[in-house]
Amino acid sequence: MTEHNFPVLQNDRILKTIRGEQVDKVPVWIMRQAGRYLPEFQEVRAKHDFFDVCQNPSLACEVTLQPIKRFDLDASIIFSDILTIPQAMGLTVEMVPKIGPVLPNPLNDPSDLSRLIKPEVEKDLKYVGDAITLTRHKLEGKVPLIGFTGAPWTLMGYMIQGGGSSVMAKPRTWLYKYPNESHKLLQLITDVVIDYLVMQVKAGAQLLQVFESNGDYLNDDLFSKYSLPYLVKISNGVKAKLKQQNITQVPMIVFPKGATMNSLEMLAKTQCYEVIGLDWTVDLLEARNRLGTNITLQGNMDPCALFATADNVTHRAQQMVEVIGKSRYIANLGHGILPDTPISSVEAFIKGIHAV
């Protein structure tokens, strides 16, 4: 492995929590913490296209550091996007203002699988690795850096639907109409995801998060067939490749947004991920009781709760910690922070978590 000579880590609160060690304060970070709610991010975006920021290591580093400079957070997450993988596999992805990601030529039927290419991850997605390495140095050891990916089912959803959707009818139809080809596509994506995450660790990522952002479109049966096996393969594959290359293992977080409690239990029983992220619909105490005390939980304040008064936000944050306790718990929102969230609410949220 290349020796990067990274600065010594000063705040390892999140890593200690994942190992089950005692911490003075519950660690907190926020999904999409580098993003549209920050005026300094808006300044960068006014000059650069979204994917230009993702693909420029210097700019990706700059926006990754913006929330760390402003808030008392316990982790940073590299600025990128889950749709870098469909791009690397040959599909066009555009970020359309007020709409979000659009794939103008999605996969319409299994014959379109022939359009996909197997990327050379170390080359085609090198810009993400370069951004991670640069950011590790620029962080100066202040907090750990999280790398991430979309999960196969979530990426498949975008690749077939052609963008976001309230029902994801097209990819769900594939699961019933083309089950074999669905598994083929999920395996193709899984192979790329494993190499992508390994590359991120080699570049300097100290934790990894797998976003199953479209988990809410799967019932327990579909989750057990089309999400869970590939989440397991990713964890096992990454850990095996890191071991083969004599690279230190890093903790892995999985965030199956909208998954049922039964599906979350299936996931916890695999013991493949050190951390399970919970969305805002999940009761924290029920999750702790059903998923066990040997797994770290992450989440899960409703992002919309940040529109309450600052005092109310602080109180809610404190309550979360009081309910779940300080052991094996990482505070976060139950999904990404919304673009018009008040800055004062972010400060109040972090203050409340750290106050307990």
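**Helix contacts and beyond**

Author: Start with two helices. In α10, His 183, Leu 186, Gln 187, Thr 190, Val 193, Ile 194, Asp 195, Leu 197, Val 198 and Val 201 meet Tyr 230, Lys 233, Ile 234, Gly 237, Val 238, Lys 241 and Leu 242 of α12. By class, this contact of α10 with α12 has 10 nonpolar, four polar and three charged residues. Keep in mind that the model is predicted.

Reader: How is a pair of packed helices described?

Author: By the angle between their axes and the distance between the axes.

Reader: OK, at what angle do the axes of α10 and α12 cross?

Author: Roughly 35°. The axes of α10 and α12 come within 9 Å.

Reader: Is the crossing of α10 and α12 left-handed or right-handed?

Author: α10 passes α12 in a right-handed crossing.

Reader: What about Pro 179, where does it lie?

Author: Pro 179 lies in helix α10. Pro 179 is partly exposed, with a relative accessible area of 30%.

Reader: Which residues does Pro 179 contact, leaving aside neighbours within four places in sequence?

Author: Trp 174 and Tyr 226. There is a distance to look at too: Pro 179 and Lys 225 are 46 residues apart in sequence, yet 9.8 Å apart in space, C-alpha to C-alpha.

Reader: New pair, please. At what angle do α2 and α4 pack?

Author: About 165°, with the axes of α2 and α4 9 Å apart. That angle makes α2 roughly antiparallel to α4, because angles over 145 degrees count that way. α2 passes α4 in a right-handed crossing.

Reader: Which residues in α2 and α4 meet?

Author: From α2 come Pro 39, Glu 40, Phe 41 and Val 44. From α4 come Leu 59, Glu 62, Val 63, Gln 66 and Arg 70. By class, the contact of α2 with α4 has five nonpolar, one polar and three charged residues.

Reader: Take Gln 66. Is it buried or exposed?

Author: Gln 66 counts as buried, at 8% relative accessibility. Its place is in helix α4. Leaving aside neighbours within four places in sequence, Gln 66 is in contact with Leu 38, Glu 40, Phe 41 and Val 44.

Reader: Switching to the core. Which residues touch the most other members of the largest nonpolar core?

Author: Met 159, Leu 185, Ile 276, Leu 291 and Phe 349, out of 132 residues in that core. The largest share of the core, 12 residues, comes from helix α10.

Reader: Which other residues have a positive phi?

Author: Among them are Asn 5, with phi near 55°, and Glu 140, also near 55°. Neither is a glycine. Asn 5 sits in the segment before α1, and Glu 140 is in the loop between α7 and β4.

Reader: Is Asn 5 buried or exposed? And Glu 140?

Author: Asn 5 is exposed, with a relative accessible area of 60%. Glu 140 is exposed too, at 56%.

Reader: Now Ser 76. Buried or exposed?

Author: Ser 76 is buried, with a relative accessible area of 0%. Its place is in strand β1. Setting aside residues up to four places away in sequence, Ser 76 touches Gln 33, Thr 64, Ile 68, Leu 139, Val 143, Pro 144, Leu 145 and Ile 146.

Reader: Last one. What kind of peptide bond joins Gly 299 and Asn 300?

Author: A cis peptide bond, with omega about -10°. Asn 300 has its place in strand β8.

Technical notes. Residues are numbered from 1 along each chain as its sequence is written. This is a predicted model: local features need pLDDT of at least 70, side-chain atom pairs count only at pLDDT 80 or more; totals for chains, interfaces and linings use all residues. Side-chain values use heavy atoms; hydrogens and water are left out. Axes are lines fitted to C-alpha atoms, for helices over the stretch in contact, and angles run from 0 to 180 degrees between N-to-C directions. Helices (H or I, at least four residues) and strands (E, at least two) are DSSP runs, numbered from the N terminus. Angles under 35 degrees count as roughly parallel, over 145 as roughly antiparallel, 65 to 115 as roughly perpendicular and the rest as oblique. A crossing is left-handed if the near helix is turned anticlockwise from the far one by less than a right angle, and right-handed if clockwise. Contact means heavy atoms within 4.5 Å. Ala, Val, Leu, Ile, Met, Phe, Trp, Tyr, Cys and Pro count as nonpolar, Asp, Glu, Lys and Arg as charged, and the others, Gly among them, as polar. A nonpolar core is a set of buried Ala, Val, Leu, Ile, Met, Phe, Trp, Tyr and Cys residues joined through side-chain atoms within 4.5 Å. Buried means under 20% relative accessible area, exposed over 50%, partly exposed in between (1.4 Å probe, protein chains only).
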